[in-house]
Structures are given as structure tokens and as C-alpha cells.
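Have the viewer open as you read.

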Protein chains: 2
Amino acid sequence: MALIPLVPSIVTVFYVPVSADETSLVAKYWLYLSILVSIMGYILCASLIEVVAEYNLKAGLSGKDLGKKGTKHESVDVPEALGLVPGIVFLLCTIISQLIFAKNDQEMVIYNSALFSICFMVFLGFTDDVLDLKWRYKLILPTIASLPLLSSYSGSTAMFLPQGILRSALWDMETNALTALGRMVNHVAIVDTEAQGSIVELSWLFLVFMGLIAVFCTNSINIMAGINGLEAGQSYVIACSILFFKLYEMAFCCKDSGISGFAGVTDHQIFTTLIVLPFIGTTLALLQHNWYPAKIFVGDTFCYFAGMTFAVLGIHGHFSKTLLLLFLPQVYNFFISIPQVLRIVPCPRHRLPRVDPQTQLMHCSAFPCKKNEFTWIKLSSDAEECPNFTIINTILRIFGPMKEKQLTIVILTIQVLTSVVAFLLRYVVFEIPVR
Amino acid sequence: MALIPLVPSIVTVFYVPVSADETSLVAKYWLYLSILVSIMGYILCASLIEVVAEYNLKAGLSGKDLGKKGTKHESVDVPEALGLVPGIVFLLCTIISQLIFAKNDQEMVIYNSALFSICFMVFLGFTDDVLDLKWRYKLILPTIASLPLLSSYSGSTAMFLPQGILRSALWDMETNALTALGRMVNHVAIVDTEAQGSIVELSWLFLVFMGLIAVFCTNSINIMAGINGLEAGQSYVIACSILFFKLYEMAFCCKDSGISGFAGVTDHQIFTTLIVLPFIGTTLALLQHNWYPAKIFVGDTFCYFAGMTFAVLGIHGHFSKTLLLLFLPQVYNFFISIPQVLRIVPCPRHRLPRVDPQTQLMHCSAFPCKKNEFTWIKLSSDAEECPNFTIINTILRIFGPMKEKQLTIVILTIQVLTSVVAFLLRYVVFEIPVR
């Protein structure tokens with residue numbers, strides 16, 4: 001079942017005919033090489049996880065599975081922070097890719113800054129798992145870790161606005177001039193009047209935007225967590241989608257339109273696939289161990305590792321806005337969580353769903369409140385508790401209580417559907433040109 | 001007292017007149033800026049150490065001070081792995097330096113590969129402190145972490161042989177031809193016959209040599225440890241020496257001989273000072289907390305961090321052979337330790353000196369052996385124990401038992417004397433040209 005998200009990519013790689021020119025043959029060669037490295041990464045990761053799990057248990061890095069209340073697994077110590085293994089194995093795989101692939105200083109800069117930012121986040125995540133850091137560090141450190149990434153960004157800082165509402169908000173087609181909003185935007189960025197508002201040059205604002213992406217990615221996966229297989233599962237689905245998006249671009253809509261079959265592949269497309277492939281390999285190994293009933297927990301180490309890898313992919317792969325489309329469930333969860341995270345609304349220590357020890361069904365978790373508070377969101381207006389603001393609770397309220405494994409599958413299915421929607425928006429509805 | 005190793009550098013920076021050309025003014029500007037960043041690093045590090053020490057204590061990262069047996073400090077839990085703080089603060093300082101200094105892709109590559117390798121080692125060291133890794137990982141991982149460093153090395157791979165024994169071993173001045181040894185060396189490297197054997201082009205062998213430097217530096221500081229202030233102290237002295245060496249080169253013997261006063265400064269000289277300055281700042285803060293009686297332990301985290309930083313400096317600063325001269329006490333300790341590390345000779349769990357609870361004096365530590373074994377090294381030939389093979393024991397046998405603080409000062413004095421000898425060898429006896 002775990003291979004389902006990979007099917008479109010496999011079809012693209014093995015069934016799209018390659019045109020005979022050199023670029024496409026070289027591209028295919030990189031691709032096969034990287035697939036080989038990733039398979040080795042998967043094997044190494046799968047064999048190391050159990051070894052390191054023993055180390056972690058011995059060092060006291062373990063926790064109870066709160067979703068197993070009332071079962072015989074309730075009091076078992078589950079080793080924690082196993083994201084350490086895919087993190088380190090991924091770094092090894094990427095060092096190998098770099099040695100094979102990076103040909104000049106510019107590519108070396110991109111690889112090294114990517115490696116450094118990801119390594120720093122894996123390190124920070126592991127430190128967090130061991131020391132249980134305060135929230136302020138979790139916001140400051142990723143910001144700083146993303147600085148080398150941003151300073152080595154060499155792509156365009158302009159944003160392309162597709163035909164439609166967004167563009168007409170900035171450009172009045174009838175008078176052929178900027179709208180009032182367009183003039184306001186023009187104070188902080190440059191709206192290209194020759195391109196009739198379809199290109200907005202954001203310059204340093206784009207760098208700030210990308211810095212925020214890094215902080216957002218690392219934290220949003222972390223707060224959408226808590227049930228077996230969810231952190232690794234969502235990251236796996238997103239990574240598979242990114243892989244397919246890039247392969248689709250490489251196969252069908254290269255720079256010079258009209259050419260297909262991996263001709264005209266750009267360096268940053270290859271970079272993206274070479275980074276995302278070992279991530280998929282190592283995450284898959286982790287997911288198999290973390291799948292219900294979890295033998296290990298992934299920890300903040302994995303969430304930070306995955307988040308920063310996506311940020312790196314979005315920034316150096318030049319698709320930070322498409323990345324946000326893939327993150328829609330995380331964006332939803334992030335924004336509805338804000339009132340609780342900022343303590344505007346009471347926030348309990350854990351916001352995981354509550355498990356019924358008799359039926360093993362998961363129910364909405366809640367925080368205590370007074371009878372006349374939060375009546376707009378509560379299950380019944382005179383209840384003395386209110387469901388926590390999380391995507392898991394939203395799903396449980398729509399579909400009703402369900403078992404843990406079923407819940408994970410429902411959420412991951414939503415993640416897959418999000419990717420389908422993102423694909424249609426990006427490549428069919430708006431047809432944004434590939435840069 | 002801690003400022004003594006810095007005195008020569010301070011004198012050079014503030015009393016050598018700057019020539020008025022642009023290069024030297026710019027060099028001075030970088031230098032002052034970097035000094036400012038390093039002072040900020042020192043302050044940040046000093047204020048964070050106590051905060052993080054609390055975190056580490058709470059997480060169970062602590063140990064007993066074996067050198068305090070028989071005192072009231074014997075049973076106190078001392079927080080461990082505090083090398084974490086200078087490690088992270090150093091990375092922050094270097095990111096800032098990079099943003100200010102790195103102007104082109106080539107410099108970005110050097111900075112980013114340095115940052116990645118150091119970050120990976122700090123991470124590995126912390127993992128080791130938490131999980132207590134096996135020896136094989138400690139040899140494999142630094143090797144891999146140094147790969148990006150080596151692949152971004154852009155300097156010469158030739159070795160300059162100074163006049164004297166070494167050169168005449170390869171080149172026969174009378175017949176003006178290679179010696180037998182010279183011809184043997186010529187099979188794996190290229191001895192420059194036009195330069196009469198004074199230059200040996202090592203090509204890939206030089207890269208292997210640098211990879212070994214990385215593994216050696218990270219492990220040699222780690223095994224010369226165990227008494228309060230020693231790890232941080234030796235690293236501090238070595239770093240101050242490197243700083244002075246580079247400042248001396250910049251001030252007095254620039255590329256185009258004859259010019260002085262910071263004219264003709266090269267990029268890798270600036271790189272070295274910009275990396276070593278924040279290292280000195282953060283290590284000084286750590287040393288003050290780790291000085292006798294230690295309030296914290298530095299852990300493997302610090303040893304690995306320091307070792308990799310020195311390797312980076314040696315490789316990208318183009319002075320890997322001079323670096324080995326500065327490491328003479330570590331080289332000595334490393335080589336005499338080999339029989340015990342490889343278990344050819346019995347090796348107890350700890351090889352720290354043994355403290356006499358009454359007098360508080362430190363004595364040689366030993367491992368048990370039979371009466372007729374190791375008679376060549378034992379204190380008396382019929383003793384049933386033999387001193388461990390460490391530099392600390394060598395010193396205790398020469399100078400007799402002494403108190404812990406005194407022992408640290410003696411070792412650090414030896415380290416300072418080593419630097420003086422290295423300076424004389426490098427700049428006075430051999431006068432190797434600065435590249």
C-alpha cells in the first residue's frame with residue numbers, strides 16, 4: 001500500500017520514451033543513479049532503525065503510546081526520536097549525490113547550503129527531543145539555519161500571477177493601468193506594467209517569504225502529529241507528489257515548449273529529484289516502523305528534518321508557491337491552531353484525540369471551558385468542554401469516531417487528494433510556465 | 001591568565017602599522033568586524049551555558065567528577081555535553097561572517113562546506129554524548145562528514161619540502177637525480193625534477209591525507225581529556241596560536257615578499273581568521289566554566305566540534321602540515337595510546353589519573369598486569385600494575401604527583417611551548433613561502 005503514492009512517478013520514469021538527444025540521456029542516467037542511491041538509503045535506514053532504537057531506549061529516550069490506552073501496549077516504552085536515522089542516512093546519500101553530480105561552484109553552493117541547513121535542523125530536532133526546548137528557540141533557530149540557504153538562492157525573485165482574480169486585482173484591463181491595490185503593492189514591490197501585471201518583482205520580500213516558508217514547514221509538520229504513522233506518512237505523500245510534479249515537468253513540459261521526453265531538463269529540476277529521492281527512501285523505511293501499531297516514534301527530529309528538506313526543495317527547486325498548495329492540510333491545521341498556540345484559547349498539554357479504552361475508537365479531544373463559552377464551536381451549547389482546534393478533530397467531527405489506523409489512512413487520503421488538486425491547479429488550470 | 005595566549009595576536013593587530021593601500025584597509029575592516037562578532041559570541045555563549053546546563057541536568061545528561069574523590073564535590077552531578085553551546089553559537093557567528101564576507105560562489109562553497117562539516121560533527125558529538133556510540137561510528141562518520149570539505153578544496157595539492165634531510169632523501173644533489181626513495185615516491189606521487197625535489201605533487205594522496213587529518217583531529221582531542229579544563233584549554237591554546245600565525249603572515253610576510261602591514265592579504269588568510277576568531281570567543285566562555293573546579297563538562301560534543309574546526313582551518317587555510325606541528329602533544333598521546341585503543345595492551349574503562357583522597361594529589365593511573373609483564377615501562381619491575389599509556393601519565397612520571405589544577409596548567413604550558421617551537425620551525429628555520 002505504501003507504494004501507491006509512488007505509482008505515477010514510476011510510470012513516468014519507465015514508460016515515457018526518452019528523446020535521443022544528450023540532455024535527456026544524461027538526465028535519465030542521473031535519475032537511475034539517484035534511484036539506486038535511494039534504494040541503498042532505504043536498506044541502510046531500515047537496518048539501522050532497530051539498532052538505534054535499542055540505543056535510544058537505553059538512553060531513556062522513550063515514551064508511552066497515548067493512543068494505546070486500555071490495551072496491553074499501554075505501558076510499553078516506545079523508543080523516541082528515531083528521525084535521527086533517516087536524517088543521518090539522508091545526509092550520507094546526499095553527500096554521495098553531490099560528489100557525483102555537482103560539477104561547478106554554483107551547484108556546490110546549492111548542495112552545501114542545502115546540506116548545512118538540513119543538518120542543522122536534524123541536529124536542532126534531536127536536541128529538542130533530548131532537552132525539550134522552549135518554543136522561542138523553535139522559532140529563532142530555523143530562521144537562522146535558513147540564512148545560508150537564502151543567501152545562496154540564485155533564482156528569480158519575481159512572482160508570476162496567472163490569469164484571473166489575482167491579476168485583475170492588481171491590473172485594470174480596461175484602463176490598462178494599475179488598480180488602487182496594484183499601486184499599493186507597487187510601494188513594496190515592483191508590478192511589471194509591461195507584462196500587464198502578470199509579473200510582480202518582489203526582490204527582498206521574496207527572500208523574507210522563503211525564510212517564513214522554512215519556519216512554517218519545520219513547525220507545521222510538528223504540530224500536525226500525534227497518531228501512529230502521521231508525521232512520516234504526510235511527509236512521504238508530499239515528497240512523492242513533489243517527485244511526480246518534477247518528473248512530469250521533465251517529461252512533458254520542458255523549458256522550450258513542444259519538446260518532451262526529458263529534453264531541456266534544467267539543473268534545478270535534477271537537483272530537486274536528487275534531493276527528494278533519498279528523502280523518500282529513508283522516510284519509507286521510517287514509516288514502516290512507525291505504522292500502526294508503532295514500534296518506534298519519529299520525534300521532533302523527523303518533523304524538523306522533513307520540514308527543512310521541503311523548504312530546501314521549495315527554495316532551490318523554485319516552486320515555493322506550489323509547495324504551499326501541497327501543504328494545504330498543514331496550512332489549515334496551522335491557522336486553526338494559532339489561537340491555542342498563542343494561548344488566546346486554553347491549550348492542554350496534549351491535543352491528541354481521546355481513545356475509548358472499551359471500543360478502541362478515537363474521539364475528539366477537548367479542553368475544559370464554562371457553559372456559555374465557545375458555543376459556536378462546541379458539540380452541544382451547554383457542554384463544559386470544547387474540542388481542540390486541530391485538523392484531526394475536524395475530521396473526527398465530520399466522519400465520527402474511528403480507530404487509530406483508520407484515522408491515519410483518512411488523513412493521508414486527504415493529503416493525496418490535496419496533491420491531485422495541486423497538480424490540476426498548477427499544470428492544468430493555470431498552466432504556469434516552468435522556469 | 002586566560003588572555004596570555006592571545007597577547008601576541010593583540011599586539012600584532014593593534015601595533016603593526018597598516019599600509020595605506022585598499023587591500024590592507026579592507027583586511028583590517030574584516031578583522032575588526034570579526035573581532036566584534038566574536039566578542040558577541042563570547043557574551044552569548046557565556047550567558048547561555050548556565051541555562052543549557054539546567055536543561056542537560058534535567059535530561060539526565062550529567063556525570064560525577066572522578067577527580068574530586070574524597071572531597072565534598074564527589075557526589076555532585078555535573079552537567080555534561082556543554083560543548084553544545086559553543087558549537088551552536090559558533091555556527092551562528094560563522095553564518096553572520098558568511099553573510100558579510102562571502103562575495104562569490106567560490107567563497108560561498110568554502111563557507112558552506114565548512115559550516116556543514118562542523119555542524120555535522122557537533123551533531124555527531126552530541127549524539128555520542130546522549131547515546132554513547134560504539135567506536136566504529138566515531139571513525140566512519142567524521143570520514144564521511146569531511147567529504148564535502150575535501151570535494152570543495154580548491155588549493156594546491158603539492159607539498160613543499162624545505163632544504164635539509166627530507167629533501168635530500170628524495171633528491172641527490174651530487175648526481176642531480178632522484179634517489180632510490182625518490183623513485184619509489186614517484187610511483188604514487190610526482191616529485192618535481194625541475195624544482196630539484198623541493199616540490200612533491202601528491203594529487204589525490206593529499207586529499208586522503210586531509211581526510212585523515214579530519215579523523216585524527218576529532219579523535220585526538222577526545223582521547224587527551226579527563227581533567228578539568230584540559231579539552232577546552234588545549235583547543236583554546238591551539239586556536240590562539242593559529243590566529244597569531246595567520247596574523248603574523250598577514251602583517252609581515254605577504255605573498256609578494258617585501259610588502260608588509262597587511263598588504264597582499266589572501267582570501268584564505270582572511271577565511272582562517274574569520275573562522276578562528278569566533279571559535280576562540282566561544283571556547284573561552286566554555287573554558288571559564290570548565291576550569292577547575294569544573295561547573296560543567298564539555299563532553300564529546302566539544303571535542304568533535306573543536307577537532308573538525310581545526311581540520312577545516314588546516315584544509316581551507318592551506319596549512320595542514322603546520323597544524324600537525326601544533327598538535328604535537330596530541331600526536332604523541334595518540335600514538336602511545338594506540339596499543340591500548342586497539343586492545344593489544346589491556347585498557348581499563350577510564351584512563352584518568354588516580355586521585356589520592358587524603359592529599360588531593362593526582363597519581364599515574366594503571367591497569368593490572370602480571371609480575372613479569374611490561375617490565376620496560378612499569379614503575380618497579382615486580383609491580384602488579386602498569387601505568388596507562390597517556391601523555392598525562394608521562395607528565396606525572398616526570399614531574400611527580402601534583403594537584404589537578406596544577407596538572408592542567410603544566411599540560412597547557414607544554415601546549416604553548418609546542419606552539420613556540422612550531423612558530424620557529426615554520427617561519428624562522430624553514431621559512432616556507434606563504435601560499
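Which residue just after H12(A) takes a positive phi? It's A:His318, with a phi of about 55°. Keep in mind that this is a predicted model.

## Around H12 in chain A

Helix H12 of chain A runs over residues 299–316, which makes 18 residues. From first C-alpha to last it reaches 26 Å, close to the 26 Å expected at 1.5 Å a residue. The helix is largely enclosed by the rest of the structure, because 18 of its 18 residues are buried.

A:His318 sits in the loop between H12 and helix H13 (320–326) of chain A. A:His318 isn't glycine, yet its phi is positive. With a relative accessible area of 25%, A:His318 counts as partly exposed, since buried means under 20% and exposed over 50%.

## The cis prolines

A cis peptide bond links A:Tyr292 to A:Pro293, with omega at about -10°.

Chain B has a cis peptide bond too, joining B:Tyr292 and B:Pro293 with an omega of about -15°. B:Pro293 lies in the loop between helices H11 (267–290) and H12 (299–316) of chain B.

Setting aside neighbours within four places in sequence, its contacts include A:Asn56, A:Leu61 and A:Ser62. A:Glu80 also touches A:Phe297, A:Val298 and A:Gly299. As for A:Phe279, which is 199 residues away along the chain, its C-alpha is 20 Å from that of A:Glu80.

A:Ala81 is in that loop between E2 and H3 as well. Here's another non-glycine residue with a positive phi, near 65°. Is A:Ala81 buried or exposed? It's buried, with a relative accessible area of 0%.

Over in chain B, helix H10 covers residues 230–252. At 1.5 Å a residue its 23 residues should span 33 Å, and the end C-alpha atoms are 32 Å apart, so the two agree. H10(B) is largely enclosed by the rest of the structure, because 21 of its 23 residues are buried.

Back in chain A, A:Ser419 belongs to helix H16 (residues 404–429). A:Ser419 is buried, at 8% relative accessible area. Beyond its neighbours within four places in sequence, A:Ser419 is in contact with A:Val237, A:Ser241, A:Phe245 and A:Leu326.

Key. Residues are numbered from 1 along each chain as its sequence is written. Chains are lettered from A and ligands numbered from 1 in the order in which they are written. This is a predicted model: local features need pLDDT of at least 70, side-chain atom pairs count only at pLDDT 80 or more; totals for chains, interfaces and linings use all residues. Side-chain values use heavy atoms; hydrogens and water are left out. Helices (H or I, at least four residues) and strands (E, at least two) are DSSP runs, numbered from the N terminus. The expected span of a helix is 1.5 Å times one less than its number of residues. Buried means under 20% relative accessible area, exposed over 50%, partly exposed in between (1.4 Å probe, protein chains only). Contact means heavy atoms within 4.5 Å.
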